[in-house]
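Please consult the sequence and the structure shown here alongside the text.

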Amino acid sequence: MNIAVCIKRVPVMEVKFAIGKDGASVDETGLKYDVNDFDLWAVEAALQLNEKNPGGTVTVISLGPDAAGEQLRKALSMGADKAVLLKADKVPSDGFAVAEALAAELRGGNYDVIFFGKKAIDSGAETVGIMVAELLDLPCVPAVFKLDIAGGKGTAMRALEGAAEVLEFPLPAVITVDEGLNKERLPSLKGIMAAKKKPLETKPAQLGAAAVTVAKMELPAERAAGRIVGTGKDAVPELVKLLQTEAKAF
Amino acid sequence: MAHVFAFAESRNGEARKAGLEAVSAARQIADQTGGGEVHAMIAGGPGVAGQAERLKAAGADVVLVVEHPGLALYNPEAVAATVAARIKDGGYRAAVFSATSQGKDLSPRVAAKLRAPLAPDAVALAVEGDAIVVRHPMYTGKVIGSLKITASPALLSVRLGAIPVGETAGAGRVETVPPAIDPAQGRVRVTELKEGNTSTVDLGEAPVIVAGGRGLKSAENFKMVEELAQSFGNAAVGATRAVTDEGWRPHSEQIGQTGRVVSPELYVAVGISGAIQHLAGMRTSKTIVAINKDKEAPIFKVADYGIVGDVFEVVPALTEAVKQAKAQG
């Protein structure tokens, strides 16, 4: 099978962010980067599908700056066969502009399955994979936590609020991956060595025009310091009293 | 004076709370952009037209009913085609969706079909001059972005619970709209809806959430968390990623960076240390209570009220105390 996975370079979130000088971006000073969590599970899904159907190719694609090559190498070291970097110094905040560039690369690639992570944890949007599917006129099944592909079609499950849907779809298709589908493999030393020799092609991203702009970014208000009501079960009556009279929480 | 479109999500023939919130959000935009009409669409199997009154009460001037046996379960391609066709013909200023699983499936499909801008997952919205501006949590909630759209139609999805359902006189009219494509032609087919335990409230709608972490030590001990949730009467059970990774609870209950993002009236964290990934999913809760044996646990930094102690001792006592308080109140 011919499989594509789209991944994004995102900051590691275990930091306190600062707002950039323009007031509409995050200050990138000192940030570390990794592959977006959901995209690692998308890579894993692609590798597992390829292992079940030997003889195929897994192509990993990322839109971002030159440095996103690091994230592509990580996917190659996990086992993807080749990589394409769609170079853009800044990733637009409008998901559709990104989707157009990815669709331009994926169109004509003759892929049986195109995987995305469910969402990028930096933008917090959940739009690009689905938009790419629309632009390519492919069936799209977003946010799957169960997936079975065989015989040119697939079945999947996705979570709703308080329920789940079972879906059927034909290939080729676009699938976005939710947590719970799999656990990503760690790159082996052999994989890391092999990745250095795998092809990584760089070309300019054909970004669409952005119609959604970030006017402002702010840090959320800090929560006021709380208090320790007490120790052990003796503190329970006071806690319940505070919840009822002060917080009016129930 | 342009009108505003809303898509009102339904399930099993009933409008969802999220759907009514989308209608009320559209009402807000219409009122702030010169008092145009709100046109709210609901799609479902035969009988879904019966929901029209609820949509009117939430702020719809016109209810657009798409009724078809092939829409009894969500049909992504048929619904997206029908919504896109209506928005295209309607000349709307904006179109509002729910930022639920279904709305997050539907809204990008429609945006791409129309090549219209989409601002996702709004927690607040405002009309500023000729622009619609939504506040949208980014970087796992550590940054709040203001996304601005000037073009029409501006598409947006609103987070569950962000916009309260309004109450209006409900004098609207009803139009029937046929599906834009035969639902049988949809390539992606939902074959089954597996309902969760319907006696429990969904995390996104629950006013109270009791969540458990690794401090509970086993799946069996979550019974204690469930009992505390039951004592509140309207609480949902949540869990940390450590817990769902262990398989103690299903992934659907995970709260955090890669799971659900919630902001209930009351969040009770039981045996949760407060890893940054977990805080990303619950830090906007109105009141946070933490119970943890380690007084240095980071959860106490975001908690309004904390009890330092053994969860196996404190939680059953709290359950009893809440039951008693409920019985008296």
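## Positive phi in a strand of chain A

Strand β7 of chain A, residues 140–150, is where A:Ala143 is placed. The model is a predicted one. A:Ala143 is not a glycine, yet its phi is positive, at about 60°. Most residues other than glycine have a negative phi.

Is A:Ala143 buried or exposed? A:Ala143 has 26 C-beta neighbours inside 10 Å, and therefore counts as buried, since the criterion for a buried residue is 20 or more.

## Positive phi in a loop of chain B

In chain B, a positive phi occurs at B:Asn12, with a value near 50°, in a residue other than glycine. B:Asn12 belongs to the loop that lies between β2 (10–11) and β3 (14–15) of chain B.

For B:Asn12, 13 other C-beta atoms lie within 10 Å, so this residue is classed as partly exposed. That class falls between exposed, at 12 or fewer, and buried, at 20 or more.

## Cis peptide bonds

Most peptide bonds are trans. In chain A, the bond from A:Leu171 to A:Pro172 is cis, and its omega is near -5°. A:Pro172 is located in the loop between β9 (163–170) and β10 (173–177) of chain A.

Which residues of chain B are joined by a cis peptide bond? They are B:Ser152 and B:Pro153, with omega at about -10°. The loop containing B:Pro153 runs between β10 (143–149) and β11 (154–158) of chain B.

Methods
Residues are numbered from 1 along each chain as its sequence is written. Chains are lettered from A and ligands numbered from 1 in the order in which they are written. This is a predicted model: local features need pLDDT of at least 70, side-chain atom pairs count only at pLDDT 80 or more; totals for chains, interfaces and linings use all residues. Helices (H or I, at least four residues) and strands (E, at least two) are DSSP runs, numbered from the N terminus.
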